[in-house]
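The model under discussion is predicted.

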Amino acid sequence: MKGRVPPIIYMNSDRSTIKLDHGSGGTQSHELIEGLFRKRFSVNQNLLMSPDASPFIIGGQKLRVTTDSYVVDPLFFQGGNIGTLAVCGTINDLAVSGAVPKALTCGFILEEGFPLSDLELIVDTMAELSKRLGVPIIAGDTKVVDKGKVDGCFINTTGIGLEREDSGHVSLGDQVIEGDVVILSGPMGDHGMTIMSARHGLDLSHQLSSDCAPLYAMISAILNEHASDVRFMRDATRGGVATVCCEWVEDRTLGIELMEDHLPVRESVRGICEILGIDPLYVANEGRMVIIAASAAADRILSILHSFPEGEGAAIIGTVQKISPSRVVLRTTFGSSRFLSMLSGSQLPRIC
Amino acid sequence: MKWIDEFRDKTIVKALVSEIKKISKTPIRLMEVCGGHTMAIHRFGIQQLLPSTIELLSGPGCPVCVTDQRYIDHAIALARHTDVIVATFGDLIRVPGSSSSLEKERSMGADVRIFVSPVDAVDVAKENPLKKVVFLGIGFETTTPTIAMSILQAYNEDVLNYYVLSAHKIMPPAMRAIIDENIRINGYICPGHVSSISGIGIYSEFPEKYGVSAVVSGFEPIDILQSILMSVHQLESNKPRVENQYNRFVQPQGNLVAQQIVSTVFSPIDTYWRGIGMIPLSGLSLNSTFAQHIAEQNIEVDIEPLKISSGCICGDILRGLKRPTDCPLFATVCSKENPVGACMVSNEGACAAYYLYEQ
Amino acid sequence: MCLSIPVKIEAIDGVQAIGELGGSTLKVRLDLLPDTLVGEYVLLHSGFAIERLNESDALNTLSLLQEIMNDEMD
C-alpha cells in the first residue's frame with residue numbers, strides 16, 4: 001500500500017476561476033484555505049486561523065473568535081432556516097473549541113426584492129435563539145444589492161467566546177492517544193439530505209428534518225465533568241463525519257478506524273442517500289459533532305449526550321489506532337476494510 | 001430498508017464466502033460491466049473476502065466513463081450558448097472535455113442544472129419558453145426509457161424547446177467487443193438493472209458462442225457473492241450458461257413496455273466508446289418523428305477541436321487490460337479532484353473507486 | 001451503473017404515484033410500469049418505476065441463501 005499522494009489542485013488544473021467545489025468543505029476548500037488565505041493572512045504564528053474558532057489573548061484573557069457566512073438554498077427548510085444556521089453554526093464553532101460563547105455579530109446581504117416577511121421570520125429565529133442561549137447579537141450590518149447579485153439573503157455571523165481554562169486542548173486534539181474512542185453525537189446526514197431533497201423535490205412527506213441545533217449546553221455538560229477525558233471535538237458540518245476524521249488524522253502518527261455497523265444514520269436519510277448515490281459519511285450536518293475521548297470515560301460521555309434531545313442517537317463509531325497512521329479506515333459490516341478520504345468536490349445526485 | 005437490508009445480512013455473506021472458497025479451484029477472471037457493481041464491490045470490500053482464485057475486473061459499465069470526449073465537448077459548446085440551459089444528471093458535470101468541463105462552464109456563468117429525473121427538465125423547458133433546454137442523455141438500457149419518456153412528453157405537450165443530446169448506449173455490443181479483443185475473461189457478472197429492462201436473452205451469445213458464464217446480478221453484497229458463486233459453479237463444472245440471480249427484479253423477457261417506448265423514440269446507430277472506439281450499432285439516436293427534439297440538428301454550435309490528454313490509459317482500464325495503479329498518471333497528475341480520464345471522474349469509474357477506497 | 005432502489009408504492013393517480021422508502025415519500029412515475037398496484041415494491045430509477053418486485057422469487061432466493069447458510073453452519 002503506497003502513501004497517499006496529496007491532491008495538487010494548483011499544479012495541473014485550471015486555477016483561473018473559483019468553482020463550487022472550493023466551498024464544499026472537502027479537499028478543494030482545504031487547498032484554497034491553506035494555499036491562499038492562511039499563507040497570506042497568518043502573519044503572526046500565534047494568530048493561526050484554526051478550523052473552528054481561533055484563540056487570541058487580550059489583556060491576559062484567553063478568547064476565541066470565529067466567523068462564518070451562511071448561504072443555503074432553500075432559505076427555509078424542514079427543521080429551520082438560514083437564521084437558525086447562522087446562530088447555531090457560529091456558536092457551535094466556539095463551543096467545540098472549548099469556549100463559552102459570549103457575543104455574536106451579524107451581517108446581512110440582501111437581494112433587492114427580497115420579501116420583508118421572510119426577513120422578519122429569519123430575524124425572529126435568530127433573536128429567539130440568541131435570547132434562549134444567552135448569547136446576544138451586539139453588532140450588525142446590512143447591505144442590499146441589485147436583483148440577481150445574491151440569492152435572496154446571505155448572512156455572516158462572527159462569534160466571540162471565552163476559552164474555558166480546562167478545555168483549550170480540545171480544538172487541536174493533540175492529546176489524543178491510541179485506544180481513545182470516536183463518538184458521534186447523533187445520526188449523520190440529516191441536514192444535508194434535507195436540503196438536497198428539498199432542492200430536488202424528494203421527500204414529499206417531509207420526513208427529513210435538519211439537525212441544526214445549538215450544541216453548547218451539551219458540550220458544557222460534558223466538559224464540566226470530563227474536560228480532561230475529552231481530547232478532541234469538532235462539529236461535522238460540510239464534508240461530513242468522514243472529512244472531520246480525515247482532517248484530524250492528517251500528518252499524525254495515529255489513525256482512526258470507524259466501524260460501519262456503528263454509524264448512526266436514520267432510515268429516511270439512508271433511503272434518500274441510496275437513491276441519489278450519496279454516502280452519508282460525507283453529508284453535511286449542522287448539529288452533530290465528533291468527539292474523541294478517553295475510552296474509560298466513553299460510556300459516561302455517551303449517557304450525558306443521550307440526556308439531551310440533540311444527542312439522541314449518539315454512538316461510539318470508532319477508535320484511534322496506529323495500524324494505519326494518518327488514515328481513516330472503515331471496517332465494513334462484513335469484516336473487510338477500505339480507506340476513507342476527505343470529501344472531494346461537492347456531493348451530487350447520480351443516476352449511475 | 002425492505003428488500004435491501006435482507007441482502008446485506010452478514011451471516012449470509014460469511015456463508016457465501018466460505019462456500020465460494022470451498023468450491024473454487026481453478027483461477028478465474030470475472031468481469032462486471034456495471035458501474036453499480038464496481039461501486040458495490042469496493043464499498044463492501046468484496047474482493048478482499050474472496051479467495052485468490054477469483055479475480056474481479058471492471059469493464060466498460062459506467063456510462064460516464066465510456067462517453068466519448070467529443071460528446072462532452074459538444075455539451076460544453078451548448079453550455080456556452082446564452083440561450084441554452086444544459087440539463088444533466090450529476091454524474092457528467094466534472095467530466096473533462098478537450099479544454100473545459102461543464103462545471104467550469106458553470107463557474108463562468110453557463111446555466112447548467114442537475115436533475116434527478118429527466119421529466120423535471122421538461123417542466124423547466126415549459127417555464128423557460130425563451131430558452132432551449134438540452135438534456136444530456138447518457139446511460140444504458142436502464143436509463144434510456146426514462147429519457148425516451150421525457151422526449152415523448154415534450155412531443156405530446158408541444159414543448160418545442162426541449163432537446164436531447166443522445167449518447168445512449170447498448171450493453172451487449174460492448175461486452176462482445178471486449179471478448180473479440182481477446183481480453184481473457186471466464187465470465188460476465190451481468191448488469192441487473194439493464195436486464196430489468198432488456199431481459200436476460202441479450203446475454204445468450206456469451207455462453208453459446210464464447211463459452212463465458214453470464215450471471216445476471218443484483219447490487220447488494222449478497223447478490224454479488226451469490227452471482228460469483230453461481231459463476232464458479234458453472235465454470236468448475238464447465239457448463240457456462242445464462243443464469244438469473246436477480247430474478248426478484250429481472251423477468252426473463254424484461255420490461256416490454258419500456259422496450260416498446262425505447263424503440264418508438266430511438267434507433268440503433270454506430271457509436272464511439274471512450275477508450276474502446278467505434279462499436280457498430282451500440283448507440284441510440286432519436287427517430288425522425290422526434291427530429292425537432294434532436295439537439296444536434298436544431299442548435300448550431302461551434303465545437304472545439306478534439307484534444308486527448310496523453311498518458312491516460314482509461315481505454316485499457318475500461319477493457320480490463322490494465323489496473324488503475326498501472327497508469328503513470330494515477331494519483332499523481334490524475335486525482336479525484338482533478339480527473340484527467342473519465343474513469344476517475346465518475347465515482348463508479350474503476351480509477352475513482354481505487355482512488356477512494358483502495359489506495 | 002443505473003442506481004435503482006426498491007420503493008413501496010403508497011398511492012397512485014394515473015401515471016403519477018407516491019413511493020415510500022425508509023419513511024420518506026417520493027414522486028414515482030409509472031409510465032414504464034403501468035399496471036402497478038398500491039402496496040407493490042418497484043425499482044425506482046431516475047424518477048421512474050422500471051420493474052416490480054417478484055416477491056415469490058425474492059423469498060425463494062432468501063430461502064436458498066438460508067439453506068447455504070445452514071449447510072455452512074453444520
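## A cis peptide bond in chain A

A:P74 lies in the loop of chain A that runs between β2 (61-70) and β3 (76-77). The peptide bond joining A:D73 to A:P74 is cis, with omega at about 5°.

## Positive phi angles in chain B

B:N182 has a phi near 65°, a positive value in a residue other than glycine. B:N182 counts as exposed because 7 C-beta neighbours are found inside 10 Å, and the cut-off for exposure is 12 or fewer.

Phi of B:A331 is likewise positive, near 65°, and this residue too is other than glycine. B:A331 belongs to the loop between α15 (314-318) and α16 (342-345) of chain B.

## Overall fold of chain B

Chain B contains 17 helices and eleven strands. Its radius of gyration is 21 Å, close to the 21 Å given by the globule rule for 359 residues, so chain B is as compact as a globular protein of that length. The C-alpha trace of chain B spans about 65 × 45 × 40 Å along its principal axes.

Of the 359 residues in chain B, 64% are buried. Among the contacts in chain B with a separation of 6 or more, 77% are between residues 24 or more positions apart.

## The side of chain B that touches chain C

Between chains B and C, 43 residues of chain B are in contact with 31 residues of chain C. On the chain B side, at least two residues each are supplied by α1 (10-23), α2 (35-43), α7 (118-127), α8 (144-156), α10 (192-198), α12 (221-236) and α13 (256-265). Which helix of chain B provides the largest share of this side? That share, six residues, comes from α1(B).

By residue class, the side of chain B that touches chain C divides into 23 nonpolar, 15 polar and five charged residues.

Technical notes:
Residues numbered from 1 in each chain as written. Chains lettered and ligands numbered in written order. Predicted model: local features only at pLDDT ≥ 70, side-chain atom pairs only at ≥ 80, totals over all residues. Helix = DSSP H or I, 4+ residues; strand = E, 2+ residues; numbered from the N terminus. Buried ≥ 20, exposed ≤ 12 C-beta atoms within 10 Å, placed from the backbone. Contact = placed C-beta atoms within 7 Å. Nonpolar A, V, L, I, M, F, W, Y, C, P; charged D, E, K, R; others polar. Rg over C-alpha atoms; globule rule 2.2 N^0.38 Å.
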